[in-house]
Amino acid sequence: MIRLSKSCLSAAESSAVLNVLDDEYLGMGSYVRTFEHELSAFFDRTTLCVSSGTAALHLALQALSLKPGDEVLVPSLTYVATFQAVTASGATPIACDIDPATLQIDLRDAALRISSRTKVILPVHYAGSASSLPSIYSFADINGLRVVEDAAHAFGSFSHNQKVGSIGDIVCFSFDGIKNITSGEGGCIVTTDPEILQRVSDDRLLGVQNDSIKRYSGQRSWDFDVSSQGWRYHMSNINAAIGSSQLKRLSDFKLIKKHLSTHYLSLLSDVSGLTTFPLYLSDIIPHIFVVLLDFSVDRFQLRDYLLSKDIQTGIHYPPNHLLSRFKTPYRLPHTESLFPRLLSLPFHCDMSLSDVEMVVSALKSFL
Ligand SMILES: *Cc1c(COP(=O)(O)O)cnc(C)c1O
């Protein structure tokens with residue numbers, strides 16, 4: 001089976017986990033502090049680790065003290081995690097359309113949806129591309145909005161020569177099993193805002209004030225105060241040990257994904273029935289490899305056919321504004337016309353170039 005995605009692990013991750021098990025201190029401790037130091041150096045900004053990318057988004061939004069009725073502009077074409085994090089914070093997600101060329105939030109559409117209650121814009125760096133960040137920040141400036149970036153797909157990507165996370169307001173990453181690097185489950189928040197850092201660092205540990213500092217040295221607070229709603233969203237030493245090992249492999253992963261994408265792009269260029277999206281491979285580490293099928297192609301039949309050839313595919317994502325929980329009274333024409341034609345091909349760092357060739361020849365024979 002050529003899998004759609006998978007964790008790509010080496011002996012380094014295994015021995016890192018064994019070290020944690022030998023220490024018999026599995027919770028949030030010195031490994032989390034080390035991983036946070038490594039990430040802070042990577043971004044050149046303070047970074048806090050949490051239990052998932054969803055938790056990162058939830059804590060970032062909660063730290064902005066949004067009130068019920070406050071609105072967050074967010075593209076509909078994202079994983080449901082993004083929308084659930086917004087409602088978890090008490091705010092209302094306002095689903096926006098995408099730019100069909102970049103699959104990123106369409107700022108003309110977002111502008112139409114601004115109201116007096118709009119507080120935040122939450123762009124999603126779909127597939128790893130963050131090329132629209134400069135225009136998003138000027139849009140936020142003009143409209144007095146905070147920016148929370150869902151950079152779950154974009155760990156290690158650059159936008160206009162700047163590393164995603166090294167600039168910007170509040171940037172959230174995911175380290176779940178299939179992201180550019182994984183910690184098993186996990187995520188992080190990068191910002192320079194001291195108030196946000198304080199809130200996140202307490203709220204990930206049930207709101208217990210300054211408990212983070214104790215945990216780093218294997219202790220905890222016994223005499224404490226709590227003044228905000230907190231959650232059990234901290235990262236464990238086991239997860240941090242995996243994350244540290246993976247971070248060291250990022251440049252290898254980047255090269256592999258560059259080779260795989262380049263090979264896909266060149267082999268697919270003369271396949272009729274689908275088109276590819278432009279990928280600026282000097283800037284980004286793609287998280288997924290998405291193609292756009294022609295209107296005439298039956299996506300479900302194609303997926304079944306590929307599966308019969310032991311090739312898994314995926315669909316990123318069912319648009320949130322079509323889900324029962326987040327249904328909108330309005331249409332999003334680009335999202336609705338593109339989504340039924342999107343198909344994600346197998347893409348992970350344990351794939352070989354000949355796997356890519358097998359996927360493309362199976363696609364060709366169906367099309
Ligand atoms: C993976 C993902 C998340 C959530 O991250 P988890 O670590 O799985 O909670 C959020 N947004 C997007 C776009 C994602 O792909």
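A nitrogen atom of the ligand lies 2.7 Å from an N or O atom in the side chain of Asp150, a polar contact (a pair of N or O atoms within 3.5 Å). This is a predicted model, in which local features need pLDDT of at least 70, side-chain atom pairs count only at pLDDT 80 or more, and totals for chains, interfaces and linings use all residues. Residues are numbered from 1 along each chain as its sequence is written, and side-chain values use heavy atoms, with hydrogens and water left out.

- Oxygen atoms of the ligand lie 2.5 Å from an N or O atom in the side chain of Thr54 and 2.9 Å from one in the side chain of His153.
- The ligand is surrounded by 15 residues, each with a heavy atom within 4 Å of it; the closest are Gly53, Thr54, Asp150, Ser174 and Lys179.
- Four nonpolar, eight polar and three charged residues make up this shell, with Gly counted as polar.
- Helices α3 (53–63) and α4 (80–88) each supply at least two residues of the shell; helices are DSSP runs of H or I with at least four residues, and strands are E runs of at least two.

**Sheet and packed helices**

- An open, antiparallel sheet contains three strands in the order β10-β11-β12, where pairing requires at least two DSSP bridges.
- Its edge strands are β10 (274–276) and β12 (342–345).
- Strands β11 (residues 289–293) and β12 pair over four bridges, and Val290 has Ser344 as its bridge partner in β12.
- Helix α10 (residues 250–268) lies across β10, β11 and β12, at about 15° to β11; angles run from 0 to 180 degrees between N-to-C directions of axes fitted to C-alpha atoms, for helices over the stretch in contact (heavy atoms within 4.5 Å).

Definitions and conventions: Polar contact = N/O pair within 3.5 Å; in protein donor to acceptor, adjacent residues only side chain to side chain.
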